[in-house]
Amino acid sequence: MDRKPDEPYPPTEPYDRGMLDAGDGNLVYWEVCGNPAGKPALVVHGGPGSGCTTRARRFFDPDRYRVVLFDQRNCGRSTPHASDPAADMRHNTTAHLIADMELLRRHLGIEQWLLYGGSWGSTLILAYAEQHPERVSEIVIPAVTTTRRSEIDWLYRGAGAFFPEAWDLFRAGVPEAAGPGDLVAAYARRMESPDPEVRARATADWCAWEDAVLSTETWSGPPPYSGRPDRDRQALVRICSHYFSHAAWLEEGQLIRDADRLAGIPGVLVHGRFDMGGPLTTAWELAKAWPGAELTVIDGAGHLGGPATSRAVLDALDRFARL
């Protein structure tokens, strides 16, 4: 294949796709790209609620990988969609998503797969791998998060020390909040409002704050959050606020505390030193707790990464393709 080592692979199209009946009225979209006989890998998208992207396919050698992507419950092409206020969010929790991943693995007849994903995706990867370590061959994570309450507090309060103008507007979006610690829950309540104008305003305010946190990073195109289609933005904010107001239904520090369960699973962690959305501390603590994990810190990079982050991810995935 005519490609430089630090360039993504050419675009590929799925050779198979479907809707998985996950129960409780949920249909989960999935697709498979690459080589049907290749090494199985699962892409776990961020958000929560972002949906899978075509860009993620390009990190995998299509001749050597069988790449599975899926839209987590209530986002992307999965149904019911969270932009519909009638969609029942009670059946969308971390435990439900882990069960969906296992259901999809069995549906596709995969014994073990490599897991790839960052940001919220890394939280879900770690939660799945610590529950089903025998099903995981390797893990590659750019932008490490574990969705601890301390991490949520940083993103929706602490980072305001660097963006006080934007944080004041974010805080003003939910004047009914009991205090800074109630902001995320207040937004979650607004996203359940029957009034479409209330939901739209909360969506806009949330996305403006998320964009502010990423505003020091290089990004081509529309704003990472506010620039999404309206339907996708509403689903993202509804799902994010739903998950973060419940700390992802995880015990505080659980994923780092139980990282010894990942012993024997090769892992590569790639994290930007100037990640304002998820400071480096989490990746550092995870790397110390996970036997055999490699941490690469990218100087000058943030949460969205950049060329050096992409090179580190491509290098890890190419290396694991040979195992």
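Student: In what sense do strand 2 and strand 4 pair, and over how many bridges?

Tutor: Two strands count as paired if DSSP finds at least two bridges between them. Here strand 2 and strand 4 (residues 65-70) are antiparallel and share five bridges. For one place to look, Glu31 has Leu69 of strand 4 as its bridge partner. Please keep in mind that this is a predicted model, in which local features need pLDDT of at least 70 and side-chain atom pairs count only at pLDDT 80 or more, while totals for chains, interfaces and linings use all residues. Residues are numbered from 1 along each chain as its sequence is written, and side-chain values use heavy atoms, with hydrogens and water left out.

Student: How are strands and helices numbered, and how many of each does the chain have?

Tutor: They are DSSP runs numbered from the N terminus: helices are H or I with at least four residues, and strands are E with at least two. This chain has eight strands and 11 helices.

Student: Which strand does strand 1 run antiparallel to?

Tutor: Strand 1 (residues 16-23) is joined to strand 2 (residues 26-34) by seven bridges. Asp21 faces Leu27 of strand 2. The two strands make a hairpin with two residues between them.

Student: What is the order of the strands in the open sheet?

Tutor: Read across the sheet, the order of its eight strands is 1-2-4-3-5-6-7-8, and the pairing is mixed. Strand 1 and strand 8 are the edges, each pairing on one side only. Angles here lie between N-to-C directions and run from 0 to 180 degrees; the axes are lines fitted to C-alpha atoms, for helices over the stretch in contact. With direction ignored, neighbouring strands of this sheet are turned by 20 degrees against each other on average. As a general idea, side chains in a regular strand alternate between the two faces of the sheet.

Student: Which strands does helix 11 lie across?

Tutor: Helix 11 (residues 307-321) lies across strand 3 (39-43), strand 4, strand 5 (113-116), strand 6 (136-142), strand 7 and strand 8. Its angle to strand 6 is about 170 degrees.

Student: Which residues of helix 10 are buried?

Tutor: Buried means under 20% relative accessible area, exposed means over 50%, and partly exposed is in between (1.4 Å probe, protein chains only). In helix 10 (residues 281-289), Thr282, Ala283, Leu286 and Ala287 are buried. These residues cover an arc of only 130 degrees around the axis, so they lie on the same side of helix 10; the arc is that of the directions from the helix axis to the C-beta atoms. Their cover includes helix 3 (120-131), helix 4 (149-156), helix 9 (254-257), strand 7 (267-272) and strand 8 (293-298).

Student: How many residues does the largest nonpolar core have?

Tutor: A nonpolar core is a set of buried Ala, Val, Leu, Ile, Met, Phe, Trp, Tyr and Cys residues joined through side-chain atoms within 4.5 Å. The largest one has 77 residues, and those with the most contacts inside it include Leu42, Tyr156 and Trp206. A second, separate core has 25 residues, among them Ile298 and Val313.

Student: What is Trp206 in contact with?

Tutor: Contact means heavy atoms within 4.5 Å. Leaving aside neighbours within four places in sequence, the partners of Trp206 include Tyr156, Phe170, Val184 and Phe244.

Student: Is Gln72 buried or exposed?

Tutor: Gln72 is buried, because its relative accessibility is 2%. This residue belongs to the loop between strand 4 and helix 2 (94-107). Beyond four places in sequence, Gln72 contacts residues including His45, Pro48 and Trp120. For contrast, turn to Thr218 in the loop between helix 7 (196-213) and helix 8 (230-244): Thr218 is exposed, at a relative accessible area of 75%.

Student: Where are cis peptide bonds found?

Tutor: One joins Gly47 and Pro48, with omega about -5 degrees. Another runs from Thr79 to Pro80, with omega near -5 degrees. Pro48 is in the loop between strand 3 and helix 1 (54-57), and Pro80 is in the loop between strand 4 and helix 2.
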